[in-house]
Amino acid sequence: MGMETPGLDSLIGVGQAIELIDAVSVTPRSTLKPLRQALGLRLAEAVMADRDYPPFDKSQMDGYAVRQADVPAEGSAPAALKVVGEVAAGQWSDRPLEPGQAVAIMTGAPLPPGADGVVPIEQVRPGPAADQILISSGDWRRMVSWRGADGKKGQTVLQAGQLIGPAQMAVAAMVGTGMLRVWDRPRVAILSTGDELVEIGHPPSPWQIRNSNNSMLYGLLRQMNADVVDLGISPDRPDDLRSVLRDGLMHDALLVSGGMSMGKYDFVPKILQELGVRLMITKLRIKPGKPFVFGIGPRGDIPPEVDEQAYAEIARAPRPPLGSAGSCYVFGLPGNPVSAFVCTVRFAWRLLARLGGGPVIEPWRDGILQQDLPANGPREFYLPARMEGEKVYPLNWRGSADLFTLAGAQGLLVRPENAPAIAAGQPVRILHLAES
Ligand code: AMP
Ligand code: MG
């Protein structure tokens, strides 16, 4: 292929590839989003309490607000208190409670000044007079949530980097943060290449096959919380490829499948280089997936003369902001769907996780192998497997095009390079994909 970078044609191991990819610096993009649109994103900035929580001394029960000083001692007769008013949730009483007085109070209501306890209604008996109640001994201060007990004004209530789920959304709402500064979803373009490919809905001729990779990549990327721009299929013609790859480079990342190896019509890596993409990996000791490419390109900005309408048609998605500089991370995936799947999960996911402001999470599981496996060859092998609890059943490997088997797998059993034969009952590592 005539690549200038030294050592590029050498096969590297999976571990080495991961080291290279993890060493690449990425800059997530922060954006301000309305609270509900931040679901599933990570905070770029901490959220603080706007006041004390609870903001006032709050009754936990329906009952009577009292002065603890009026409560009889343990073993003494019940004390009679005069009921002088009522305060419900949403009301505010500023009349101080005098000694010997009580105020009816509802859950969530603020204690009147002077009160420092609440006797639950179940613990109160009618007093000798109609406006009196009888209360017994007890520490009724326990029935009060004190102002600031949960958090003080100015305190961090959500940390930068935290993932926004339902509970975090409730906290933001509680402290009045209607707009959250979050790390934006990476915008990732996907492209399939191959003269033999047709889209769903297009009846294939006997020699044609349907494009399954883009649907798969869409799913894998949505699982990563990326925004996906589907660039469709390009034929194996350099001019077409050049033009659509240039479109692809206008995104934070580009996942392109097919045309990555050494065949007569495998033009993709060379054209990527022509477009300024620095290829860092071109071949990998991985099975399935050997013709894998990773590179960093200059992120093309959409030239101002391109009108929005035209771009929207190309990309079928909102255009990225004009003038945003940076890199486009390019993953060149093997055309075979299972290979493309494994390479995306193993390599693209981890970089995209960082691009989304998050940590790299590898869903490893430990399991017990349920059948003997032969020695592995020189490439790290990801074998689709079914899991039942700890039990791992390797599936019948029919090769890197066998999507049917992959679709029945809950994980990928990892066999290291040149691993010896392994017997049933031995522990194995699984890259977990899905619950059954
Ligand atoms: P390639 O990497 O281009 O040599 O393709 C390897 C194999 O994967 C060939 O059998 C292709 O037909 C198949 N293939 C390539 N792209 C796709 C795709 N998008 N969907 C399904 N199969 C594909
Ligand atoms: Mg091809």
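Biologist: At what angle do helix α1 and helix α7 pack, and how far apart are their axes?

Modeller: Keep in mind that this is a predicted model. Helix α1, residues 14-23, packs against helix α7, residues 337-355, at an angle of about 20°. Their axes are 10 Å apart.

Biologist: Are α1 and α7 roughly parallel or antiparallel, then?

Modeller: Angles under 35 degrees count as roughly parallel, so α1 and α7 are roughly parallel to each other. As for handedness, α1 passes α7 in a right-handed crossing.

Biologist: And what about α3 and α7, at what angle do they pack?

Modeller: About 25°, and the axes of α3 and α7 are 10 Å apart. That makes α3 and α7 roughly parallel to each other too, because the angle is under the 35 degree cut-off. The crossing of α3 past α7 is right-handed.

Biologist: OK, ligand time. How many residues surround ligand 1, and which are the closest?

Modeller: There are 13 residues around ligand 1. The closest are Ser192, Glu196, Asn211, Gly259 and Gly335.

Biologist: How does that shell divide into nonpolar, polar and charged?

Modeller: The shell around ligand 1 has three nonpolar residues, eight polar and two charged.

Biologist: Where do polar backbone atoms come in?

Modeller: At Gly259, a polar backbone atom is 2.8 Å from an oxygen atom of ligand 1. At Asn336, a polar backbone atom is 3.1 Å from an oxygen atom of ligand 1.

Biologist: How much of ligand 1 does the protein bury?

Modeller: Taken alone, ligand 1 exposes 480 Å², and the protein buries 77% of that.

Biologist: Switching to the backbone: is the peptide bond from Tyr53 to Pro54 cis or trans?

Modeller: It's cis, with omega near -10°. Pro54 is in the loop between β2 (47-48) and β3 (58-59).

Biologist: What kind of peptide bond joins Lys287 and Pro288?

Modeller: A cis one, with omega about -5°. Pro288 lies in the loop between β19 (286-287) and β20 (293-298).

Biologist: Last one: is phi of Asn225 positive or negative?

Modeller: Positive, near 70°, in a residue other than glycine. You'll find Asn225 in the loop between α3 (213-223) and β16 (227-234).

Technical notes:
Residues are numbered from 1 along each chain as its sequence is written. Chains are lettered from A and ligands numbered from 1 in the order in which they are written. This is a predicted model: local features need pLDDT of at least 70, side-chain atom pairs count only at pLDDT 80 or more; totals for chains, interfaces and linings use all residues. Side-chain values use heavy atoms; hydrogens and water are left out. A residue is near a molecule or strand if one of its heavy atoms lies within 4 Å of it. A polar contact is a pair of N or O atoms within 3.5 Å; within protein, one must be able to donate a hydrogen and the other to accept it, and residues adjacent in sequence count only if both atoms are side-chain atoms. Accessible areas come from the Shrake-Rupley method with a 1.4 Å probe; for residues, only the protein chains shown count as cover. Ala, Val, Leu, Ile, Met, Phe, Trp, Tyr, Cys and Pro count as nonpolar, Asp, Glu, Lys and Arg as charged, and the others, Gly among them, as polar. Axes are lines fitted to C-alpha atoms, for helices over the stretch in contact, and angles run from 0 to 180 degrees between N-to-C directions. Helices (H or I, at least four residues) and strands (E, at least two) are DSSP runs, numbered from the N terminus. Angles under 35 degrees count as roughly parallel, over 145 as roughly antiparallel, 65 to 115 as roughly perpendicular and the rest as oblique. A crossing is left-handed if the near helix is turned anticlockwise from the far one by less than a right angle, and right-handed if clockwise.
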